[in-house]
Amino acid sequence: MRIDILTTFTEMFPAVLGASILGRAADKGILDFKLHDIREYSENKHHNTDDYPFGGGAGMVMLAQPIYSCLDAVDPQHEARRILLSPRGRTLSPELAKELAEEKRLLFLCGHYEGIDERVTYAMDEDLSIGDYVLTGGELAAMVAIDCISRFIPGVLGSSESAENESFSEGLLEYPQYTRPAEFRGMKVPEVLLNGNHALIERWRRDRAIELTLSRRPELIKGVKLDKKDMAFIESLKMNEKQDK
Ligand code: ADE
């Protein structure tokens, strides 16, 4: 997938896009990141990218001209799905990330300062938010979105990682994990994980994932496919709760 990023802070991206799983996917050619410095497209004498708001008020507003010129150069045929990072947008979710992962080309525009000239939105396809809080700019939001979307692109995760992703456990919080040593500062790894009985281990992990989801994020359980054994486990939790009262 080709991913164009339009920003006035290109220097924020290489560490994130070049490391770990995203870096590996870029090396393999699965992801093709192209960073574009909006400032380079400013026709203004000082290469400004912002100006005072009409009507007054605090802060600066990003100019339409450098952004339009950058879009014209980078995506002249409007082939990319153009996304403006903004708290106004639809909130990123696994469903939306999966949908965006199907595109051939994505283009992210990172807003800054107090806002962007509203006329820029006419050139974009949609706004995207990563949550109900305000960041100092769209760059971190773009990186979060790219990271999340990339996990759904075939070949980005290794086969073991993606199998996990696709598994029956979808929708549940992750079960607890342990590694060596089996005892650390008096804290022991649950016995079941040490005995090599894979059926028991799987059941234990599934039960812990259900238990964690019910206690921390009960609203998520609605979206999970539960089988008879899961239901029986949930019943047993409820019984224990009653007994504890
Ligand atoms: N820009 C500023 N805050 C943002 C948010 N929450 N999501 C996306 N872009 C943003």
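## The D117–R119 contact

The side chains of D117 and R119 meet in a polar contact at 2.7 Å (a pair of N or O atoms within 3.5 Å; within protein, one must be able to donate a hydrogen and the other to accept it, and residues adjacent in sequence count only if both atoms are side-chain atoms). You'll find D117 in the loop between β7 (115-116) and β8; helices (H or I, at least four residues) and strands (E, at least two) are DSSP runs, numbered from the N terminus. D117 is buried, with a relative accessible area of 17% (buried is under 20%, exposed over 50%, partly exposed in between, with a 1.4 Å probe and protein chains only).

A word on the model: it is predicted, so local features need pLDDT of at least 70 and side-chain atom pairs pLDDT 80 or more, while totals for chains, interfaces and linings use all residues. Residues are numbered from 1 along each chain as its sequence is written, and side-chain values use heavy atoms, with hydrogens and water left out.

## Around the ligand

Which residues are around the ligand? They are L85, S86, P87, L128, S129, I130, G131, Y133, V134, L135, G137 and A141, each with a heavy atom within 4 Å of it. That shell splits into 8 nonpolar, 4 polar and no charged residues (Ala, Val, Leu, Ile, Met, Phe, Trp, Tyr, Cys and Pro count as nonpolar, Asp, Glu, Lys and Arg as charged, and the others, Gly among them, as polar).

The backbone does some of the polar work here: a nitrogen atom of the ligand lies 2.8 Å from a polar backbone atom of Y133. For L135, a polar backbone atom is 3.0 Å from a ligand nitrogen, and for G131 a backbone N or O atom is 3.1 Å from one. On its own the ligand exposes 260 Å², and the protein buries 95% of that (Shrake-Rupley areas with a 1.4 Å probe).

The peptide bond from R180 to P181 is cis, with omega near 5°. P181 belongs to the loop between α6 (159-166) and β9 (183-184).

Two non-glycine residues have positive phi. H78, with phi near 50°, is in the loop between α3 (64-74) and β5 and counts as partly exposed at 35% relative accessibility. R185 has phi near 50° too; this residue lies in the loop between β9 and β10 (187-188) and is exposed, at 75%.
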